[in-house]
Amino acid sequence: MIDRLTATFALKVVAISMCIGALTPLLFADGYENASDAVVGSMTGLVIGAGCLTVELTFLSNQSIRWLRQTPLIAIIGFRAASYSLIIVIGIILPALILLDQKLWQEPEFAFNFAISACIASAISTSVELLRLLGREATLAIFTGRYRRPRLENRIVLFADLVGATALAERLGELRFHEFLSDVSYDLSQPIERNGGEVHRYVGDAVIVTWPTAHPKSYERSVACAKAMPRALERKGKDYLARYGQEAKIRVAVHCGPVAAGEIGTWKKEIALLGDTMNTAARIENAARDFGVNVVISDAVKEHLSDESGKTLSQLPDYNARGKADELALWTISV
C-alpha cells in the first residue's frame, strides 16, 4: 500500500516527466511541426516516469530491497539500468506508434537513441545507488564542496538506540546480530523518510537522524518520527520473534542546537557533526533509559512545537547529565 507522501512524490515525478517530454522537441529537435508533437512528447514522459517509478516502488524500495540484500550491488545497478533502458525505449516507441502510427524502431537513428538511453539509464542507476550508499546530504555536500571547511549550522538531532543490544549480540552471535540490525534499519527507514529526516550515520546499534531547523515543519516532523519509530518496530514484533526470538525495541532522544559540520577523511570521506548539541542528544538518550521511557524530547525542541503537539508531552524530572553543568529539562511522549 502506497502512503500519501509516496503518492504525492510519484505524482510530482510523473508531472515533471510529462513536462520534460513535451518540451523535448524544442530542446533537442527542430521544434514542433504540429500540436501532436507536444502530445506525443508528454505521453513519452508519462510512460518513462511512471515506468521507472513502478520499478523503484515495486522492486527496489526499502520494503522490497529486504529480499535483495544478498544481491551484489553491481547486479542491482544492472537490473535498474536494464529496466530503465527498456522503459525508455517503450516510452519512445509506444506513444508515437499509437498516436501518429510512426514505427520509430525502423528509423536509422533508433539504435543510436537506444544506446544513449542505456547510457543515461546506467548513469541514473549508479547515481541512485551512490545516494543510497553515502546518503543524500553527504553525496551532495561532497560534490558541491559545501563542507570543505567546517561551518556552523543549526540542526535537530534524533538519537535512536537499540534496547538490550549487548545481551542480544551475545546470544545471537556477530553475523545474526548484524542481520538483526539490518532488519531494524530497514524498518526504521520508512518513518525517517516519511518525516523528511536525513540519516547522518549509524553508530553500532544506534542511528542518528537530523533535520535543518530552518524548515518550519522540521520540529513537528522530528517528534512525529520519534513517535513513529518504536511503533514501526512494534508492528513487526511477531516477525522479529519468529526470526530472532526477541522483539526489537528502541529508545529515542530529540534535541536541537548548533553543530559544527564539515568533511572528515581523505580516501573515505564523511560529513561529521560535532559539538555540544550532539553530546547532549546522546546524554538525553541515556535519560530515556534511566527514566524507563521510549521517547525523550529536550526543552529546546519542545519550545518550537505547536500548542497541540505540546499538549501530548509530559514533563520529566530535571536530569543531571554526566558532563553537563546544568540540569536538563526533558519531556516524554507516549507512543
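This is a predicted model: local features need pLDDT of at least 70, side-chain atom pairs count only at pLDDT 80 or more; totals for chains, interfaces and linings use all residues.
Reader: How many helices and strands does the protein have?

Author: The secondary structure comes to twelve helices and eight strands. Of the 335 residues, 41% count as buried.

Reader: What share of the contacts join residues at least 24 apart in sequence?

Author: Among contacts between residues at least 6 apart in sequence, that share is 69%.

Reader: Which residues touch the most other members of the largest nonpolar core?

Author: Begin with the general idea. In soluble globular proteins, nonpolar side chains tend to be buried together. Here the largest nonpolar core has 35 residues, and Leu158, Phe180 and Met229 touch the most other members. Helix α8, residues 218-235, gives this core its largest share, six residues. Apart from this core lies another, of 20 residues, including Val157, Ile208, Ala253 and Ala321.

Reader: What does Met229 touch, not counting residues up to four places away in sequence?

Author: Met229 touches Leu158, Ala160, Leu188, Pro191, Ile192, Val207 and Ile250.

Reader: What span should α8 have, and how far apart are its end C-alpha atoms?

Author: The 18 residues of α8, at 1.5 Å a residue, should span 26 Å. The end C-alpha atoms of α8 lie 25 Å apart, which agrees.

Reader: At what angle do α7 and α8 cross?

Author: They cross at roughly 140°, and their axes come within 9 Å. Angles over 145 degrees would count as roughly antiparallel; α7 and α8 are therefore oblique to each other. Their crossing is right-handed.

Reader: Which residues meet there?

Author: From α7 come Val184, Asp187, Leu188, Pro191 and Ile192, and they meet Cys225, Ala228, Met229, Ala232 and Leu233 in α8.

Reader: How do α6 and α7 pack?

Author: Helix α6 (residues 165-172) packs on helix α7 (residues 174-194) at an angle of about 130°, and their axes are 6 Å apart. That angle makes α6 oblique to α7. The crossing of α6 past α7 is right-handed. Ala165, Leu168, Ala169 and Leu172 of α6 make the contact with Glu174, Arg176, Phe177 and Phe180 of α7.

Technical notes: Residues are numbered from 1 along each chain as its sequence is written. Side-chain values use heavy atoms; hydrogens and water are left out. A nonpolar core is a set of buried Ala, Val, Leu, Ile, Met, Phe, Trp, Tyr and Cys residues joined through side-chain atoms within 4.5 Å. Buried means under 20% relative accessible area, exposed over 50%, partly exposed in between (1.4 Å probe, protein chains only). Helices (H or I, at least four residues) and strands (E, at least two) are DSSP runs, numbered from the N terminus. Contact means heavy atoms within 4.5 Å. The expected span of a helix is 1.5 Å times one less than its number of residues. Axes are lines fitted to C-alpha atoms, for helices over the stretch in contact, and angles run from 0 to 180 degrees between N-to-C directions. Angles under 35 degrees count as roughly parallel, over 145 as roughly antiparallel, 65 to 115 as roughly perpendicular and the rest as oblique. A crossing is left-handed if the near helix is turned anticlockwise from the far one by less than a right angle, and right-handed if clockwise.
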